[in-house]
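Open the structure in your viewer and keep the selection tool at hand.

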Amino acid sequence: MRQALRVRSRGRAALAAALVLGAATGCSSVGHEDGASQPPSARSFDAADPATWTLPIEAYIPSDGQDEQASKAKDLLIADCMKNLGLDWRPAPDLPVVGPKTLTDWRYGIHDVTLSKKRGYKPDAAEQAAYDRVMQAGALDEGAEGDGATGAALRGSTSEINGKAVPKGGCAGKAGDELGSDGTEFAEAAQRIGNDAFVRSKQAPEVVAVFRKWSSCMKDQGYSYKEPLDASDDPRFSSPDVSKLEISTALADLECRKRHDVARIWFEAESALQQQAIEKNAENLDRIKKNRDAMVKKVSAVLAGKA
């Protein structure tokens with residue numbers, strides 16, 4: 001979920017890119033007729049495509065559709081508040097998605113041979129260019145930086161503008177209060193479980209074993225790396241330019257991954273750890289899920305009133 005003072009990125013895809021949480025589970029609606037949220041719709045599963053796999057924690061976070069609608073509702077509330085203060089405010093456009101599209105897409109490393117033949121470990125060139133253009137143009141909400149009237153009204157750093165009282169916490173805070181949540185508790189709880197399981201999964205015996213097989217396979221082809229993500233994190237591939245070495249390394253990486261079924265074994269180990277954590281934190285996650293559903297209902301009401 002995006003914050004009022006933020007770079008405008010799609011919530012779950014952005015989290016996925018950071019190996020936090022967030023997955024695009026399809027463009028599901030904000031809610032049904034009663035406004036209650038439903039479990040994110042399942043992606044069409046393809047055993048050969050890690051981007052289609054679903055981790056257990058995804059049942060506890062808003063879908064991309066819900067996240068986007070909540071952000072839209074918050075923007076509308078902020079704009080109304082700013083208008084009441086005599087200010088014209090517009091949110092920044094969303095950042096184009098670049099790189100992973102779901103939580104499991106790239107989570108365990110690259111898996112697209114066609115893309116890697118052109119880009120090595122880097123995202124699609126057109127996606128990267130679109131992203132860079134928006135960033136260069138400025139992807140912060142109006143007033144997110146600076147101390148002008150717009151920023152003061154947005155953040156609540158002044159008590160009065162144009163003779164009118166500024167809400168406590170500013171227009172951004174007021175919008176968050178009206179929706180009942182800004183989504184951070186969903187992301188933070190999921191992030192803790194997801195990140196912990198991801199890190200611990202690398203120590204699972206079956207994962208350690210398959211990493212060793214992958215490393216040996218890479219060494220046979222002239223590349224020395226201990227773990228799969230070490231290859232993509234190689235400093236030699238940090239340049240925006242794609243080198244022949246990066247492409248050859250990526251293709252060898254893909255071959256060794258496929259030969260030893262690295263992604264599937266790693267995914268299953270992490271899924272088991274996530275499920276254990278979910279069961280351990282069931283009470284807290286249930287509360288968060290109820291709060292999410294309440295927020296989704298409020299989002300539906302806001303958007304219905306603006307239709």
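The model is predicted.

**Stop 1: two helices**

Select residues 64-84, which form helix α2, and residues 282-306, which form helix α12. Two packed helices are described by the angle between their axes and the distance between the axes. Here the angle is about 55°, and the axes lie 9 Å apart. α2 and α12 are therefore oblique to each other. Their crossing is left-handed.

**Stop 2: the contact**

Now show side chains. Which residues of α2 meet α12? They are Gln66, Gln69, Ala70, Lys72, Ala73, Leu76, Leu77 and Asp80. On the α12 side, pick Arg292, Met295, Val296, Val299, Val302, Leu303 and Lys306. Colour the contact of α2 with α12 by residue type: nine residues are nonpolar, two polar and four charged.

**Stop 3: Val299**

Stay on α12 and centre on Val299. Is Val299 buried or exposed? Its relative accessibility is 1%, under the 20% cut-off, so Val299 counts as buried. Gly180 and Val299 are 119 residues apart in sequence, with 9.6 Å between their C-alpha atoms.

**Stop 4: helix α11**

Select residues 262-280, helix α11. Finally, highlight buried residues of α11, among them Trp266, Phe267, Glu270, Leu273 and Ile278.

Methods: Residues are numbered from 1 along each chain as its sequence is written. This is a predicted model: local features need pLDDT of at least 70, side-chain atom pairs count only at pLDDT 80 or more; totals for chains, interfaces and linings use all residues. Side-chain values use heavy atoms; hydrogens and water are left out. Axes are lines fitted to C-alpha atoms, for helices over the stretch in contact, and angles run from 0 to 180 degrees between N-to-C directions. Helices (H or I, at least four residues) and strands (E, at least two) are DSSP runs, numbered from the N terminus. Angles under 35 degrees count as roughly parallel, over 145 as roughly antiparallel, 65 to 115 as roughly perpendicular and the rest as oblique. A crossing is left-handed if the near helix is turned anticlockwise from the far one by less than a right angle, and right-handed if clockwise. Contact means heavy atoms within 4.5 Å. Ala, Val, Leu, Ile, Met, Phe, Trp, Tyr, Cys and Pro count as nonpolar, Asp, Glu, Lys and Arg as charged, and the others, Gly among them, as polar. Buried means under 20% relative accessible area, exposed over 50%, partly exposed in between (1.4 Å probe, protein chains only). The expected span of a helix is 1.5 Å times one less than its number of residues.
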